[in-house]
Amino acid sequence: MALDLFAGIPVTDYNAALPWYERFFGGPPSFLPNDIEAVWEVAEHRYIYIVQEPERAGNALVLSFVGDLDDRVAEIARRGLEPAKRETYDNGVSKVTYRDAEGNEISFGGGPG
């Protein structure tokens, strides 16, 4: 059975939030379903989207586990964004968290070494 996954991030002002997310993801959205949503395909059949929903903004938590954590963090840094927090757990797993202007968190995790 096919599976598409969409993770949503509510923002107060779509037009104000869009440039930060374009920088974070490294380019324009994969598609725009309407005037208040932008969608990026982050892996095959896996999407992260922003949507203007002021009453819910600032509360999103999204985590993607990746095999190239250090490279990904370096690539985002080249686009001018630095993580808000870095953690390494006892088992060697690392987590790097970014926050948009409203406090929504997008994190990447990666296995030991």
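Predicted model: local features only at pLDDT ≥ 70, side-chain atom pairs only at ≥ 80, totals over all residues.

Reader: What makes the volume of the largest pocket about 400 Å³?

Author: A volume is the space filled by probe spheres set on grid points joined across faces, edges and corners; for the largest pocket this comes to about 400 Å³. It is lined by 23 residues, of which F25, V42, I48, R72 and F108 are the closest to its centre.

Reader: Why do these residues count as lining a pocket?

Author: On a 1 Å grid over the protein atoms alone, a pocket is an open set of points where a 1.4 Å probe fits, with protein on both sides within 12 Å along at least five of seven lines; lining residues have an atom within 4 Å of a point. By that rule, 23 residues line the largest pocket.

Reader: What is the make-up of the lining of the largest pocket?

Author: Ala, Val, Leu, Ile, Met, Phe, Trp, Tyr, Cys and Pro count as nonpolar, Asp, Glu, Lys and Arg as charged, and the others, Gly among them, as polar. The lining accordingly has 15 nonpolar, two polar and six charged residues.

Reader: What is found at the second largest pocket?

Author: The second largest pocket holds about 270 Å³ of space. Among its 18 lining residues, L69, D70, S94, G110 and G111 are the closest to its centre. Its lining divides into five nonpolar, seven polar and six charged residues.

Definitions and conventions
Residues numbered from 1 in each chain as written. Heavy atoms only, no water.
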